[in-house]
Amino acid sequence: MNSAVLTSQSVSGSASGSASGLINIDKRWMRAAIAQSRRAEGRTASNPPVGCVILDKSGRLCAAAHTAVGGVPHAETRALEMAGAAARGGTVYVTLEPCAHQGKTPPCVDALIAARVARIVVALGDPDRRVNGRGLDKAKSAGIHVDLGVEAAAAGAVLNGFLQRITHGRPVVWLKTAASLDGAIALADGQKRWLTGEPMRHVVHELRSRCDALLSGVGTILADDPEFTCRAPSLAADSPALYILDSQLRTPTSARLFGDGQRAVTMLCTASASQQRRAALTKAGATVTVLPADAQGRVDFSAALDHLGAAGINKVLVEAGTGITTTVLKAALADEIYWTQSPHILGSDARPAVAALKLVALPPQNLYTQSRSLSVGQDQLRVFVKNVSADRTE
């Protein structure tokens, strides 16, 4: 009896102990595939960060891989190359449905069929219209046993940026801010000073490395002149693409964010920005993109998110000052909030993390839920996740 038949009988037969054992095995190896996918977060361009694990026909691990930097080769292709002949008759665990279309590489499902694997276990289907079940159907037609939905929630936590962009046209938004104990981000003079300590800054650099883009505003550039790169313990090469909301293109051409010119920098402005400033920043190495203005004459934030989605950005980290932070929170645009907090007390004359909201009633309490909290050196990190039931702001 071959592996595919044995698997099918184990799942659907009356031997509940065998079925339970197989389910536990599947969960174990899918978690290993998810661990691989996390290594690809923020490094796969517009492609999803997928993880793949292959067991040989005896159930021994013979390959573990993730999507390569830049998005190709795909995780399945890399794992099959690693496994070689051992993949024949084996089981493949992959966090996202194998692609079924010709892109920069041939379809992964064709490679799995050619390798003559017996079974494919998938966490999530791919909503991309070029795939959307075709990969699984093609595998089934080739006689491969397919199981879908194993550890779907855990896999989705890594793939959520890609899934949201494909489904809604916008990236997942992470909002990060550094505030004092009383909710301020700077003293009244606005001068740059580190609120949180070096251990927390390491956490922030790692957070940046897991995103495809970083979004900030010209106010932060003028006040702090940040590099917005990943530094130790992350690698400089992990620094995400940078987008700056700058309606009138006030960013100096000497700003440190331009660095050595190796990282993509895009200035998002309105039509009223001067041609001279556009030319100057283009010469400095930036791409200048004109977007619609909001009622205050600033770049419309929703239009900016649509632009990032169209550019293939799956996950964006917003690191900005009071204005942009307030815009994101007021419109409930953040999918996750990373609130870092120092033990300083700066007083009421300091610059607040969030501007006046002019509320006349308490806001709903079910919009965000704290998912975790931890001490990092002398500082605190609190992570809030937007509830699934919360209304989406379009």
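1. Axes here are lines fitted to C-alpha atoms, for helices over the stretch in contact, with angles from 0 to 180 degrees between N-to-C directions. Helices (H or I, at least four residues) and strands (E, at least two) are DSSP runs, numbered from the N terminus. Please keep in mind that this is a predicted model, in which local features need pLDDT of at least 70 and side-chain atom pairs count only at pLDDT 80 or more, while totals for chains, interfaces and linings use all residues. Residues are numbered from 1 along each chain as its sequence is written, and side-chain values use heavy atoms, with hydrogens and water left out.

2. Strand 4 and strand 5 run parallel and are joined by four bridges, and arginine 119 stands opposite histidine 145 in strand 5.

3. Helix 5 deserves a point of its own. Which of its residues are buried? In this helix (residues 134-141), they are Gly135, Leu136 and Ala139, where buried means under 20% relative accessible area, exposed over 50%, and partly exposed in between (1.4 Å probe, protein chains only). Seen down the axis of helix 5, the buried residues fall within an arc of 95 degrees, so they line one face of the helix; the arc is that of the directions from the helix axis to the C-beta atoms. Their cover includes helix 4 (108-114), strand 4 (119-124) and strand 5 (145-148). After helix 5 comes glycine 143, whose phi is positive, near 90 degrees.

4. Leaving out residues up to four places away in sequence, histidine 101 touches Pro106, Pro107, Arg130 and Val131, contact being heavy atoms within 4.5 Å.

5. The other sheet to inspect is also open: nine strands in the order 11-10-9-8-12-6-13-16-15, with mixed pairing. Its edge strands are strand 11 (287-290) and strand 15 (368-376), each pairing on one side only. Neighbouring strands of this sheet are turned by 20 degrees against each other on average, direction ignored. Strand 8 (residues 213-217) pairs with strand 9 (residues 241-245) in the parallel sense over five bridges, and leucine 215 stands opposite tyrosine 243 in strand 9. Helix 10 (residues 301-310) lies across strand 6 (172-179), strand 8, strand 9, strand 10 (265-269), strand 11 and strand 12 (315-319), and runs at about 160 degrees to strand 9.

6. Alanine 286 sits in the loop between helix 9 (275-283) and strand 11. Alanine 286 is buried, at a relative accessible area of 6%. Its contacts, neighbours within four places in sequence aside, are Phe258, Val265, Met267 and Leu281. From alanine 286 to arginine 88 there are 198 residues in sequence and 49 Å in space, C-alpha to C-alpha.

7. On the cores: the largest nonpolar core has 39 residues, of which Met30, Ile54 and Ile120 touch the most other members. Such a core is a set of buried Ala, Val, Leu, Ile, Met, Phe, Trp, Tyr and Cys residues joined through side-chain atoms within 4.5 Å. Isoleucine 54, with residues up to four places away in sequence not counted, has contacts including Leu61, Ala79, Leu80 and Val92.

8. Last, the cysteines. How many disulfides are there? The count comes to zero, a disulfide being a pair of cysteine sulfur atoms within 2.5 Å. The sulfur of cysteine 52 is 8.6 Å from the closest cysteine sulfur, in cysteine 108, too far for a bond. Cysteine 52 counts as buried, at 0% relative accessibility. Cysteine 230 is in no disulfide either, and the nearest cysteine sulfur, that of cysteine 211, is 8.9 Å away. Cysteine 230 is buried, with a relative accessible area of 1%.

Terms used:
Two strands pair if DSSP finds at least two bridges between them.
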